[in-house]
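Me: I have just opened this entry and would like a short tour of it. Could we go through it piece by piece?

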Amino acid sequence: MQDIGGVSADYSQVLNPARVAVYDDPLIAPRIITVAPTTTTEFIQNLAVCIDEQARRLGGNISYTVILEVTENFINAQFREIVVSILDGGNTIRFTDQGPGIADIEKAVRPGFTSAIEPMKHYIRGVGSGLPIVHDWVELKNGHITIDSNIGNGAAVTISLVEEPEPIQSSQEAVNAVQMLGDKEKAVLKQFAVQPLLGVTELATRTGLGPSSVSYQLKKLEEAGLLASNTQKKRLLTPLGKEVLNEIGL
């Protein structure tokens with residue numbers, strides 16, 4: 001049983017499956033691979049191996065050790081709602097969860113800082129070396145790592161060996177569009193900074209909005225020229241949508 005609502009837990013067993021979204025083509029829906037729940041040690045190993053195999057199949061060069069280090073960190077989220085997205089020919093991997101988030105992102109990449117409690121240390125080292133190892137390896141490879149956290153609503157760790165694009169200069173049209181966005185529209189649009197192709201059901205889960213509300217917000221965002229639909233009724237950002245995300249700091 002896992003820690004829910006502050007109740008102490010036995011971390012020996014994972015209760016929830018993880019989903020690995022493999023983007024063979026960024027304009028079509030990803031292939032989804034489900035990693036079944038099992039014992040914690042076996043689950044972490046199975047998930048890391050799956051991610052590594054799929055990234056390498058696309059031609060990626062991210063180290064298995066790096067993948068394993070980030071995968072182990074999911075124990076801090078009690079393995080809730082894990083989604084791992086593999087993009088850019090396997091050279092960008094985004095790890096997301098719906099756990100408690102990261103209280104201090106700056107400290108998270110410092111050696112020795114850990115939020116692991118004693119029961120977790122039966123399954124991971126728990127000495128604060130994971131993200132610092134990842135950070136140093138990515139820098140050595142001239143890549144980049146980004147860590148985003150919504151306290152109480154999950155975290156996202158992205159590691160990439162793809163050169164970061166030049167900052168987008170926001171046009172006046174993008175500035176005007178930001179001023180017209182309501183809170184619900186922003187909440188929906190922000191999800192595309194985490195995953196590039198999303199449908200109504202996924203957005204409802206991620207935002208906590210009802211499907212009808214999500215559909216309404218999507219319609220408004222499409223009418224504003226910020227999102228477009230593909231043939232599978234998934235939405236993706238338009239160039240203007242990317243400018244708007246840049247303007248609101250994502």
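**Helix packing in the model**

Reply: To begin with helix α5, the cover over its buried residues includes α6 and α9 (239-247). Please note that this is a predicted model.

Me: Which residues of α5 are buried?

Reply: In α5, which spans residues 172-180, the buried residues are Ala174, Ala177 and Val178. They lie on the same side of α5, because they cover an arc of only 100 degrees around the axis.

Me: Why would residues a few places apart point the same way?

Reply: An α-helix has 3.6 residues a turn, so residues three or four places apart point the same way.

Me: And which exposed residues are on the face of α5 turned away from the buried side?

Reply: That face carries Gln172, Glu173, Gln179 and Met180, which are exposed.

Me: What is Glu185 in contact with, leaving aside neighbours within four places in sequence?

Reply: Its contacts are Met180, Gln217, Lys220 and Leu221.

Me: How do α6 and α8 cross?

Reply: Their axes come within 9 Å and cross at roughly 85 degrees, with α8 covering residues 211-223. The two helices are therefore roughly perpendicular. From α6, Lys184, Glu185, Val188 and Leu189 take part, and they meet Ser213, Gln217, Leu218, Lys220 and Leu221 of α8. By class, this contact has four nonpolar, two polar and three charged residues.

Me: At what angle does α7 pack with α8?

Reply: Helix α7, residues 200-207, packs with α8 at about 110 degrees, and the axes are 9 Å apart. That angle makes α7 roughly perpendicular to α8. The contact is made by Val200, Leu203, Ala204 and Thr207 of α7 together with Pro211, Val214, Ser215 and Leu218 of α8.

Me: How many charged residues does that contact have?

Reply: The contact of α7 with α8 has no charged residues; its classes are six nonpolar and two polar.

Me: Now the whole chain. How many helices and strands are there?

Reply: The chain has nine helices and eight strands. Of its 250 residues, 46% are buried.

Me: What about its accessible surface?

Reply: The accessible surface is about 12600 Å², and carbon and sulfur atoms account for 52% of that.

Me: Last one: what share of contacts joins residues at least 24 apart?

Reply: Among contacts between residues at least 6 apart in sequence, the share is 59%.

Methods
Residues are numbered from 1 along each chain as its sequence is written. This is a predicted model: local features need pLDDT of at least 70, side-chain atom pairs count only at pLDDT 80 or more; totals for chains, interfaces and linings use all residues. Side-chain values use heavy atoms; hydrogens and water are left out. Helices (H or I, at least four residues) and strands (E, at least two) are DSSP runs, numbered from the N terminus. Buried means under 20% relative accessible area, exposed over 50%, partly exposed in between (1.4 Å probe, protein chains only). Contact means heavy atoms within 4.5 Å. Accessible areas come from the Shrake-Rupley method with a 1.4 Å probe; for residues, only the protein chains shown count as cover. The arc is that of the directions from the helix axis to the C-beta atoms. Axes are lines fitted to C-alpha atoms, for helices over the stretch in contact, and angles run from 0 to 180 degrees between N-to-C directions. Angles under 35 degrees count as roughly parallel, over 145 as roughly antiparallel, 65 to 115 as roughly perpendicular and the rest as oblique. Ala, Val, Leu, Ile, Met, Phe, Trp, Tyr, Cys and Pro count as nonpolar, Asp, Glu, Lys and Arg as charged, and the others, Gly among them, as polar.
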